[in-house]
Amino acid sequence: MPPAAKTKKKEPRAWQRMISGRRLDLLEPSPFDVEIEDIAHGLARVARWNGQTKGDHAFSVAEHSVVVLEIVDRLYPGLDHKWRLAALLHDSAEYVIGDMISPFKAALGVNYRDFEDRLEAAIHLRFGLPPKAPAEIKRKIKRADIICAYFEATQIAGFSHDESVKFFCRPPAGLEIAIKPLPVKQAQILFLDRFETVLSQLETR
């Protein structure tokens, strides 16, 4: 009998269709396929802390991003508007890959970080930012991110003050942030509003 015909292995799909209709290649993301409406839509539906928070609504990455920008503005007044935009977009890759908690990211290793970096670079280029922010800017944004995590942890994620200080940081004296999880649509609108405000400031400087 003749040998069985070999079937060609089908390559797995490596793109995601966004709500805008864009197809984003997940392995080689293009800035031309990045839309702020898709980012806002996705981030408003991604829950921080894997959804393990108090209240009727999850605390979304969209709202977290807005709070991080608020903290950056309070810690570093006068920061160039392009880096304020970078602060707002610091977790924007999560509109594709979701918000993985830090212990899981560590377990996945460097390949995950590379994947996240490629997405972030495409997003930055789409909105006129350098693919990678300078180390000092990244440090400032990360500091604000960790401070935000402290307030989230103590107010909605069930951490005690001492636990939050141990795992995150002690916020600067006098800095108080109220964490109030919003419904999805409100978080989406809030993120888009902040984006448009910062972008307009960047364009008119």
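# Exercises on a helical protein

The protein has nine helices and two strands. The model is predicted.

**Exercise 1. Find in what order the elements run, and how many residues count as buried as a percentage.**

Step 1. Start at the N terminus. The order is β-β-α-α-α-α-α-α-α-α-α.
Step 2. Turn to burial. Of the 205 residues, 43% count as buried.

**Exercise 2. Compare the span of helix 7 with the expected span, then state what its buried residues pack against.**

Step 1. Helix 7 covers residues 135-155, which is 21 residues.
Step 2. From first C-alpha to last, helix 7 reaches 30 Å. That is close to the 30 Å expected at 1.5 Å a residue.
Step 3. List the buried residues of helix 7. Among them are Ile-137, Ile-141, Ala-144, Cys-148 and Phe-151. Lys-140, Asp-145 and Glu-152 are also on the list.
Step 4. Recall a rule about helices. An α-helix has 3.6 residues a turn, so residues three or four places apart point the same way.
Step 5. Look for the partners. The buried residues of helix 7 pack against helix 2 (61-75), helix 3 (81-88) and helix 8 (161-167).

**Exercise 3. Describe how helix 2 and helix 3 cross, and sort their contact by class.**

Step 1. Two packed helices are described by the angle between their axes and the distance between the axes.
Step 2. The axes of helix 2 and helix 3 come within 8 Å. They cross at roughly 145 degrees.
Step 3. Name the residues. Helix 2 brings Ser-65, Val-66, Val-68, Leu-69, Val-72 and Asp-73. Helix 3 brings Arg-84, Ala-87 and Leu-88.
Step 4. Sort them. This contact of helix 2 with helix 3 has six nonpolar, one polar and two charged residues.

**Exercise 4. Explore the largest nonpolar core and one of its residues, Tyr-95.**

Step 1. In soluble globular proteins, nonpolar side chains tend to be buried together.
Step 2. The largest nonpolar core here has 56 residues. Ile-39, Leu-85, Tyr-95, Phe-127 and Phe-191 touch the most other members.
Step 3. Ask which elements give two or more residues. They are helix 1 (36-43), helix 2, helix 3, helix 4 (94-97), helix 6 (110-126), helix 7 and helix 9 (184-203).
Step 4. Helix 2 gives the largest share, eight residues.
Step 5. Now follow Tyr-95. Leaving out residues up to four places away in sequence, Tyr-95 touches Met-18, Leu-24, Val-34, Asp-38, Ile-39, Gly-42, Leu-43 and Ile-123.

Technical notes:
Residues numbered from 1 in each chain as written. Predicted model: local features only at pLDDT ≥ 70, side-chain atom pairs only at ≥ 80, totals over all residues. Heavy atoms only, no water. Helix = DSSP H or I, 4+ residues; strand = E, 2+ residues; numbered from the N terminus. Expected span 1.5 Å × (residues − 1). Buried < 20%, exposed > 50% of the residue type's maximum accessible area, 1.4 Å probe, protein only. Contact = heavy atoms within 4.5 Å. Axes fitted to C-alpha atoms, helices over the stretch in contact; angles between N-to-C directions. Nonpolar A, V, L, I, M, F, W, Y, C, P; charged D, E, K, R; others polar. Core = buried A, V, L, I, M, F, W, Y, C linked by side-chain atoms within 4.5 Å.
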